[in-house]
Amino acid sequence: MDAAQKLLKNSAILTATAVLLATVGSAATPPTLIVNTSVSLAGTGGQIVNVTSSDSTVPITYTIGSPGYANDNGGSTVNWLSASGGTTTPASLTFSLVTTAGLAQGSHQATVVLTPSAPLGVTPVTITITYSSGSGSGGSSGTLSASPS
């Protein structure tokens, strides 16, 4: 009886191990965040960027990071960008020019990171936003563009 019980126990352990390995091996690849387009903004308005999941049946929840500004304003930082919007796909993000006061003429860059929290395994996405200030001949026109990276 002892040998039969040992054989039964070993068979159960092997079966459980095989089922566990089969489950791990068939785990689905997590979806990815998709930022659909690059956008441009003239003047001081805002622009909308669509964010979707690579698998429309699996929504992705994420946070929108605060803009990080490049050192491209003669050593002073101006918080010129606002990023807001939905945080579960499908969603829209709005990039808005907050101020041009204190910005030197030329090109300015910022980054905004979308950091997924669910499902697990989704890679963060960094969006680079560029604002090109006007020529200085009056007004405060410029161009704001965003692209995924």
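# Briefing: the largest cavity and its surroundings

By class, five nonpolar, three polar and one charged residues make up the lining of the largest cavity. The model described here is predicted.

**The cavity**

- One cavity of 30 Å³ or more is found in the structure.
- The space within the largest cavity amounts to about 40 Å³.
- Its lining consists of Tyr69, Ala70, Asp72, Asn73, Ser76, Thr77, Val78, Trp80 and Leu103.

**His108**

- His108 belongs to strand β8, which covers residues 107–118.
- The relative accessibility of His108 is 1%, so this residue counts as buried, the cut-off being under 20%.
- A polar contact of 3.3 Å joins the side chain of His108 to the side chain of Asp72, and Asp72 is also one of the residues lining the largest cavity.
- When neighbours within four places in sequence are left aside, the residues in contact with His108 are Asp72, Asn73, Trp80, Leu103, Ile129, Thr130 and Tyr131.

**The aromatic rings**

- A pair of aromatic rings is described by how far apart the centres lie and by the angle of the planes.
- The count of aromatic pairs comes to two.
- Trp80 and Tyr131 form a tilted aromatic pair, with 6.0 Å from centre to centre and 35 degrees between the planes.
- This pair links distant parts of the chain, as Trp80 lies in the loop between β5 (68–69) and β6, while Tyr131 lies in strand β9 (residues 125–133), 51 residues apart.
- Trp80 has a relative accessible area of 2% and is therefore buried.
- Tyr131 is likewise buried, because its relative accessible area is 1%.
- Tyr69, Trp80 and Tyr131 are linked into a cluster by ring pairs.

**Leu81**

- Leu81 is located in strand β6, which covers residues 81–85.
- With a relative accessibility of 6%, Leu81 counts as buried.
- Leu81 and Phe95 stand 14 residues apart along the chain, and 6.9 Å separates their C-alpha atoms.

Conventions:
Residues are numbered from 1 along each chain as its sequence is written. This is a predicted model: local features need pLDDT of at least 70, side-chain atom pairs count only at pLDDT 80 or more; totals for chains, interfaces and linings use all residues. Side-chain values use heavy atoms; hydrogens and water are left out. On a 1 Å grid over the protein atoms alone, a cavity is a set of points where a 1.4 Å probe fits but cannot get out, and a pocket is an open set with protein on both sides within 12 Å along at least five of seven lines; lining residues have an atom within 4 Å of a point. Grid points are joined across faces, edges and corners, and a volume is the space filled by probe spheres set on the points. Ala, Val, Leu, Ile, Met, Phe, Trp, Tyr, Cys and Pro count as nonpolar, Asp, Glu, Lys and Arg as charged, and the others, Gly among them, as polar. Helices (H or I, at least four residues) and strands (E, at least two) are DSSP runs, numbered from the N terminus. Buried means under 20% relative accessible area, exposed over 50%, partly exposed in between (1.4 Å probe, protein chains only). A polar contact is a pair of N or O atoms within 3.5 Å; within protein, one must be able to donate a hydrogen and the other to accept it, and residues adjacent in sequence count only if both atoms are side-chain atoms. Contact means heavy atoms within 4.5 Å. Rings of Phe, Tyr and Trp (its six-membered ring) pair if their centres lie within 6.5 Å; planes under 30 degrees apart count as stacked, over 60 as edge-to-face and the rest as tilted.
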